[in-house]
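Welcome, and thanks for taking a look at this one. Here is a short briefing to read alongside the model.

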Amino acid sequence: MIIHTAIPLIAEYGAAVTTAKIARAAGIGEGTIFRVFADKDELLQACMAEALSPEHAVRELDAIDVSQPLPDRLAEAAEALQAHLSRMGAIAGSLGHRGGKHPGTVRGAGRDESTTRIRAALAELLEPDRAALRRPPEQIAALFFGLLFTQPRTEDEPDLTPQELVDVFLHGAVSGGTK
């Protein structure tokens, strides 16, 4: 509960957030924080680990109805994963996370295992359409995750909506009729 309360405050105030502010927002005494965490740095590290944890994203992917058409499933997945990546970036950026390094174990999952778990959840979303896919669901999931993770951000052009991203992913960059 302390971590979930602290994360939005860290995204807003960065490492400058006080434990008193976190305690007030959580409706607890500041001393309670220090019964759970040795110091503020340990709390901040726990918040970073939570933000990087794949658990929330995997739960959201698992909740997507696989009876929906593939484009709808992938659009929902894109929304869930974009939110996950945004949370990660907000916390890492607010804490001045240097070099993009993963802080180590996150609920038993390092960076590679986290990525593997998210890709596996994506592959499950693709499984009902296995026969229509050009490549195995696991490979398509890896490609889709990679596209989401590396989607270019420019000031000149607005971000693609999840539906637009899925459309380009499923049907390519060339408009109909052109070969």
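Where is D65 found? D65 sits in the loop between α5 (55-62) and α6 (70-94). The model is a predicted one, in which local features need pLDDT of at least 70, side-chain atom pairs count only at pLDDT 80 or more, and totals for chains, interfaces and linings use all residues. Residues are numbered from 1 along each chain as its sequence is written, and side-chain values use heavy atoms, with hydrogens and water left out.

**Overall fold**

- The protein chain has 9 helices and 0 strands, where helices (H or I, at least four residues) and strands (E, at least two) are DSSP runs numbered from the N terminus.
- Following the sequence, the pattern reads α-α-α-α-α-α-α-α-α.
- The protein chain has 179 residues, of which 37% count as buried; buried means under 20% relative accessible area, exposed means over 50%, and partly exposed lies in between (1.4 Å probe, protein chains only).

**The nonpolar core**

- A nonpolar core here is a set of buried Ala, Val, Leu, Ile, Met, Phe, Trp, Tyr and Cys residues joined through side-chain atoms within 4.5 Å.
- The largest such core holds 25 residues, and L61, A77, L81, I118, L122, L126 and F144 are those with the most contacts inside it.
- At least two residues of this core come from each of α5, α6, α7 (111-126), α8 (137-149) and α9 (162-171).
- The biggest contribution to this core is from α6, with 7 residues.
- As background, nonpolar side chains tend to be buried together in soluble globular proteins.

**Salt bridges**

- Searching the whole structure gives 4 salt bridges, a salt bridge being a side-chain nitrogen of Lys or Arg within 4 Å of a carboxyl oxygen of Asp or Glu.
- R117 and E55 pair through their side chains in a salt bridge, at 2.5 Å from N to O.
- This pair connects distant parts of the chain, with R117 in helix α7 and E55 in helix α5, 62 residues apart.
- R117 counts as partly exposed because its relative accessibility is 25%.
- Another salt bridge joins D129 and R73, whose closest N and O atoms are 2.0 Å apart.
- Here too distant parts of the chain are linked: D129 is in the loop between α7 and α8, and R73 is in helix α6, 56 residues apart.
- D129 is partly exposed because its relative accessible area is 23%, whereas R73 is buried because its value is 1%.
- R130 and E138 also meet through their side chains in a salt bridge (3.6 Å, N to O).
- R130 counts as partly exposed at 37% relative accessibility, and E138 counts as partly exposed at 44%.

**A negative surface patch**

- D65, D72, E76 and E79 form a negative surface patch.
- Patches are made of residues with over 30% relative accessible area and no salt bridge, with like charges joined within 9 Å and nonpolar side chains (Val, Leu, Ile, Met, Phe, Trp, Tyr) within 5 Å.
- For charges, Lys and Arg count as positive and Asp and Glu as negative, while His and the chain ends are not counted.
- D65 counts as partly exposed because its relative accessibility is 41%.

**Residue pairs apart in sequence**

- L165 belongs to helix α9 and is buried because its relative accessible area is 2%.
- L165 and L74 are 91 residues apart in sequence, and their C-alpha atoms are 9.3 Å apart in space.
- S53 lies in the loop between α4 (40-52) and α5, and S53 is buried, with a relative accessible area of 3%.
- S53 and T115 are 62 residues apart in sequence and 9.9 Å apart in space, C-alpha to C-alpha.
- R119 is in helix α7 and is partly exposed, with a relative accessible area of 36%.
- Between the C-alpha atoms of R119 and V58, which are 61 residues apart along the chain, the separation is 9.1 Å.
- E30 is in helix α3 (residues 30-36) and counts as partly exposed at 35% relative accessibility.
- E30 and T18 are 12 residues apart in sequence, with 9.7 Å in space from C-alpha to C-alpha.

Conventions: Accessible areas come from the Shrake-Rupley method with a 1.4 Å probe; for residues, only the protein chains shown count as cover. The place of a charge is taken as NZ of Lys, CZ of Arg, CG of Asp or CD of Glu.
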